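Student: Could we go through how the two chains meet, taking each term together with the rule behind it?

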Protein chains: 2
Amino acid sequence: MMNLLIRNCRPMGGAATDILVEGGRIAVIAPGLAAPDGVAVEDGGGRLALPAFVEGHTHLDKSLWGMGWWKNEVGPRLIDRIDGERAERKKLGLDPARQSDRLAKEFLKRGTTRIRSFADVDTEIGTAHNDALVALRDRLRGTMDIQVVAFPQSGVLVRPGTAELLEQALRNGADIIGGLDPSGIDRDPKGHCDLIFALAAKHGVPVDIHLHEPGELGAFAMELIIERTLALGMQGKVVVSHAFCLGDVARADALYAALGEAGIGLATTAPPSRPVPSVKKARAAGVSIFGGNDGIRDTWTPYNMPDMLQRAMLIGLKNEFRRDDEVELAFATVSDWAAEGCGFADYGLGVGARADIVLLEAETVQEAVVATPPQRVVVSHGRVVARDGVLLA
Amino acid sequence: MMNLLIRNCRPMGGAATDILVEGGRIAVIAPGLAAPDGVAVEDGGGRLALPAFVEGHTHLDKSLWGMGWWKNEVGPRLIDRIDGERAERKKLGLDPARQSDRLAKEFLKRGTTRIRSFADVDTEIGTAHNDALVALRDRLRGTMDIQVVAFPQSGVLVRPGTAELLEQALRNGADIIGGLDPSGIDRDPKGHCDLIFALAAKHGVPVDIHLHEPGELGAFAMELIIERTLALGMQGKVVVSHAFCLGDVARADALYAALGEAGIGLATTAPPSRPVPSVKKARAAGVSIFGGNDGIRDTWTPYNMPDMLQRAMLIGLKNEFRRDDEVELAFATVSDWAAEGCGFADYGLGVGARADIVLLEAETVQEAVVATPPQRVVVSHGRVVARDGVLLA
């Protein structure tokens with residue numbers, strides 16, 4: 001059932017129209033379309049139609065969603081969270097296959113059909129989380145697109161054996177190689193960047209480095225990443241996640257320009273509690289910037305929801321986007337720009353795009369962002385897959 | 001019907017118990033209570049029971065809620081927003097009576113029964129907004145408590161005639177006198193503070209000053225407010241709203257201490273986009289700090305919802321409250337501390353408190369804050385007044 005006629009919906013808040021889907025793709029957008037024989041009809045009821053959302057940065061493998069409330073008593077440092085997580089996941093019997101499946105479906109219910117997820121790789125769990133996510137990705141193909149990033153959450157050089165495990169994760173099917181805090185965690189910025197980029201070049205995969213390092217330390221790491229991206233011709237294949245340093249170094253403008261020239265993208269969660277990259281400055285420099293939740297209800301944080309409209313709201317608030325033309329940028333970070341930045345193909349509400357569509361009660365895109373209405377109809381590949389929070393079939 | 005038995009609920013996430021309400025107040029909290037003759041029974045179904053929420057800083061009178069989407073094209077400065085609003089409210093035919101009634105009920109549906117609302121007073125609208133809010137306050141008595149603050153949004157000294165209108169608003173029933181940005185808007189910090197405090201002393205009402213001024217300018221205004229609070233013996237009667245300067249001056253600790261000694265409270269919206277007072281630092285100095293939305297979907301901002309759990313989430317995110325004991329503080333800013341800071345009596349889930357209670361699906365208070373579940377049963381003065389987003393009778 002890849003053919004569908006959606007009647008009376010308003011794409012991006014425009015005039016009411018119909019959308020005919022054929023073979024899972026948007027075939028015609030026009031008012032008053034007749035339903036071809038045997039084609040299912042979905043009455044849009046005049047609702048807003050949005051392209052299904054894109055989650056550009058999350059950790060499906062380690063959410064505690066649905067496992068009962070976990071009492072967070074973790075210390076305040078990054079390393080407390082990293083070490084605490086390794087200890088807790090054992091105690092809790094966290095099953096990455098079950099948890100990633102569960103959280104992916106929570107995303108789907110709320111209208112997200114494309115996800116970039118990190119999978120922890122370390123010397124205690126080996127490639128188990130990665131392999132679970134690769135299996136999930138393959139199983140959900142045709143309903144959701146999941147990119148799997150082999151991610152050394154506990155460091156690489158500081159934990160011998162991790163580099164080999166990352167390589168094994170790539171051989172096992174990971175799509176992307178991850179890195180993090182070259183100085184703060186691995187204590188060797190040159191060594192860390194050389195190693196991650198060497199793996200990327202050898203396996204022909206993109207890079208996504210989580211850079212929490214603030215100020216000049218983060219800016220230095222960013223320079224190392226830019227240098228290697230250019231040297232290896234990896235423009236368009238590298239993302240720096242978080243990039244908090246762009247929110248607090250005086251020379252941020254030069255860094256945005258260099259990122260733009262190197263074709264490096266930025267993923268932002270826009271945390272209210274600290275400086276972050278500016279969406280407008282990034283775009284002005286030609287940098288693809290997009291949104292993500294980071295962890296959702298895990299041992300790092302109790303916050304965040306598998307709802308990209310809530311993330312767009314938080315990105316809008318953080319960037320002080322109040323005017324309609326600005327709030328639209330917040331929505332772009334969880335839609336067009338996230339598809340572009342992560343490299344998800346066939347995206348959007350145009351003819352020819354894959355028919356991944358969300359219908360909800362809102363007058364405008366802006367209202368959808370600020371009100372995050374919970375009642376939604378979710379269409380993936382031309383099939384209605386969820387209705388008002390319930391997955392179908 | 002002020003008597004009610006709530007069976008099988010979990011106050012603050014504790015063990016399941018029953019709550020017997022008599023005469024609108026909590027009379028007994030114990031498991032296995034028998035329903036006295038003729039007393040209605042509400043099955044809590046094991047849900048979490050929270051004290052109904054408190055909104056400590058909002059503008060009921062000028063929300064555009066339910067008026068169709070308003071396209072925001074306002075400039076970026078504070079004065080653009082103030083001047084733009086005066087122009088737009090005329091064009092839009094904004095009816096403060098209708099809008100404040102509408103928004104108050106949206107709050108009630110989501111579990112808020114006590115609200116401090118500002119009412120614009122200026123030389124164009126006179127006391128019309130104030131009078132509409134006073135009428136609403138009186139009409140909703142017995143269901144919601146509303147404090148009305150006569151608020152000179154467009155300035156006092158810069159708009160001759162405003163002081164007289166503020167005084168008229170107090171004579172017409174306003175509970176509190178407001179002020180704002182003594183330097184930034186009124187261009188005369190001493191003159192503004194003298195005038196506002198003189199009105200407060202003359203009419204025996206508390207003060208709530210909106211202080212957006214950053215850095216040392218804001219800190220100076222805060223000193224003027226502290227001096228006058230002490231001179232007039234108004235400890236416990238003064239609130240500084242926003243107080244962004246506390247987030248960015250080096251001598252913030254001394255200011256927190258002085259606020260604590262003067263018994264001045266702080267209202268915070270915790271905007272992600274700028275520095276704000278620290279909840280922990282304020283409390284450590286003995287300062288009452290509590291949460292509010294500020295405007296909700298008005299010409300200032302499209303954001304914010306009449307949902308104090310969402311506000312608690314934003315306050316928690318801004319203050320980087322991750323541990324359970326910290327997230328509990330975020331909830332306190334929209335419950336106990338807001339009641340304390342605004343001076344709402346009979347608050348809480350203890351025996352003798354007014355039976356304003358919210359039942360919702362969450363295991364813990366922390367889960368309620370991070371997940372903001374939309375399905376809620378709201379009890380006010382011992383009556384069930386809303387269920388799953390629908391007001392009853």
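**The contact between chain A and chain B**

Tutor: Between chain B and chain A the count is 4 salt bridges. This is a predicted model, in which local features need pLDDT of at least 70 and side-chain atom pairs count only at pLDDT 80 or more, while totals for chains, interfaces and linings use all residues. Residues are numbered from 1 along each chain as its sequence is written, chains are lettered from A in the order in which they are written, and side-chain values use heavy atoms, with hydrogens and water left out.

Student: Why is the pair R81(B) and E320(A) called a salt bridge?

Tutor: The rule asks for a side-chain nitrogen of Lys or Arg within 4 Å of a carboxyl oxygen of Asp or Glu; the closest N and O atoms of R81(B) and E320(A) are 3.8 Å apart, so the pair qualifies.

Student: What is the area buried between chain B and chain A?

Tutor: Buried area is the accessible area (1.4 Å probe) that two parts lose on being put together, summed over both, and here that comes to about 3,500 Å², with carbon and sulfur atoms giving 57%. Of the area that chain B buries against chain A, 25% is supplied by W69(B), Y303(B) and R322(B), more than by any other three residues.

Student: How do you know that the copies meet through the same surface?

Tutor: Counting contact as heavy atoms within 4.5 Å, 35 residues come from chain B and 35 residues from chain A; since 100% of the interface residues of chain B are also interface residues in chain A, the copies meet through the same surface.
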